[in-house]
Amino acid sequence: MRVHLGSDHAGLDLKDHLLNWLTDHGYEPVDHGPFVYDALDDYPVFCLRAAEGVAADRAEGLDSLGVVIGGSGNGEQMAANKVHGVRSALVWSEETAVLAREHNDANVVSVGGRMHSLDDMTRFVEVFLATPFPGDERHVRRIGQLSSYETTRELPPLPESALGRVDGTDA
């Protein structure tokens, strides 16, 4: 599996660590930068490229995921989510890494380099990459609603329960 990586200066150490870890574990890492420490660099420059790499690979039918890293992971996740077809999840535990894959079929994981130890963050990425999307109908339906909105900008219809009609009649 190909894994695209992007970060900012706050995530550089983890990104560099992950490049070796991924290779040692049979993954094909693609480094989108940064390549040197620059305290004034901007995460969108690198995280958008990593997310674009994932989207392009997936459009070609390739097995590909991404990792974006910053100080908190928040901005990096937001940047990745601007790329059409990318679903990036901010993870802070093994459980959130699993749920991002199982419930949301996230294809990019975001972690905060200043929030956790190197070992913990590596474990979150490991769990994310190893967790398959089981394709449960309810999750596929929800992801479909998001994808449809991303393309059409039309909101999904409200369910009956949101209209005050549990049994189909006015409340």
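**Close-up views of a predicted α/β model**

**Figure 1. Overview of the chain.** Of the 171 residues in the protein, 42% are buried (under 20% relative accessible area; exposed is over 50%, partly exposed in between; 1.4 Å probe, protein chains only). This is a predicted model, in which local features need pLDDT of at least 70, side-chain atom pairs count only at pLDDT 80 or more, and totals for chains, interfaces and linings use all residues. Residues are numbered from 1 along each chain as its sequence is written, and side-chain values use heavy atoms, with hydrogens and water left out. The protein has six helices and five strands (DSSP runs numbered from the N terminus: helices are H or I, at least four residues; strands are E, at least two). Their order from the N terminus is β-α-β-α-β-α-β-α-β-α-α. Along the principal axes, the C-alpha atoms fill a box of roughly 60 × 35 × 30 Å.

**Figure 2. The largest nonpolar core.** A nonpolar core is a set of buried Ala, Val, Leu, Ile, Met, Phe, Trp, Tyr and Cys residues joined through side-chain atoms within 4.5 Å. The largest one has 24 residues. L18, L22, V67, V111, F128 and L129 have the most contacts inside it. At least two residues of this core come from each of β1, α1 (12-24), β3, α4 (94-102), β5 and α5 (118-130). Helix α5 gives the largest share, six residues. Another core, of 11 residues, lies apart from it and includes A55, A79, A80 and V83. In soluble globular proteins, nonpolar side chains tend to be buried together.

**Figure 3. Helix α5 and L129.** The end C-alpha atoms of α5 are 18 Å apart, in agreement with the 18 Å that its 13 residues should span at 1.5 Å a residue (expected span: 1.5 Å times one less than the number of residues). Its buried residues are M121, T122, F124, V125, V127, F128 and L129. They pack against β1, α1, β3, α4 and β5. Leaving aside neighbours within four places in sequence, L129 contacts M1, V3, W21, L22, Y27 and L65.

**Figure 4. Helix α1 and its cover.** L12, L14, K15, L18, L19, W21 and L22 are the buried residues of α1. Their cover includes β1, β2 (28-31), β3, β5 and α5. The 13 residues of α1 should span 18 Å, and the end C-alpha atoms, 19 Å apart, agree with this. Just after α1 comes G26, with a positive phi of about 85°.

**Figure 5. Helix α2 and its packing.** Helix α2 (residues 43-59) has 17 residues. From first C-alpha to last, α2 reaches 24 Å, close to the 24 Å expected. F46, C47, A50, A51, G53, V54, A55 and D57 are its buried residues. These pack against β1 (2-7), β3 (64-70), α3 (74-80) and β5 (108-112). G61 follows α2 and has a positive phi, near 80°.

**Figure 6. L146 on helix α6.** L146 is found in α6 (residues 137-152). L146 is exposed, with a relative accessible area of 56%. The C-alpha atoms of L146 and G85 are separated by 9.9 Å. Along the chain, these two residues are 61 residues apart.

How values were computed: Contact means heavy atoms within 4.5 Å.
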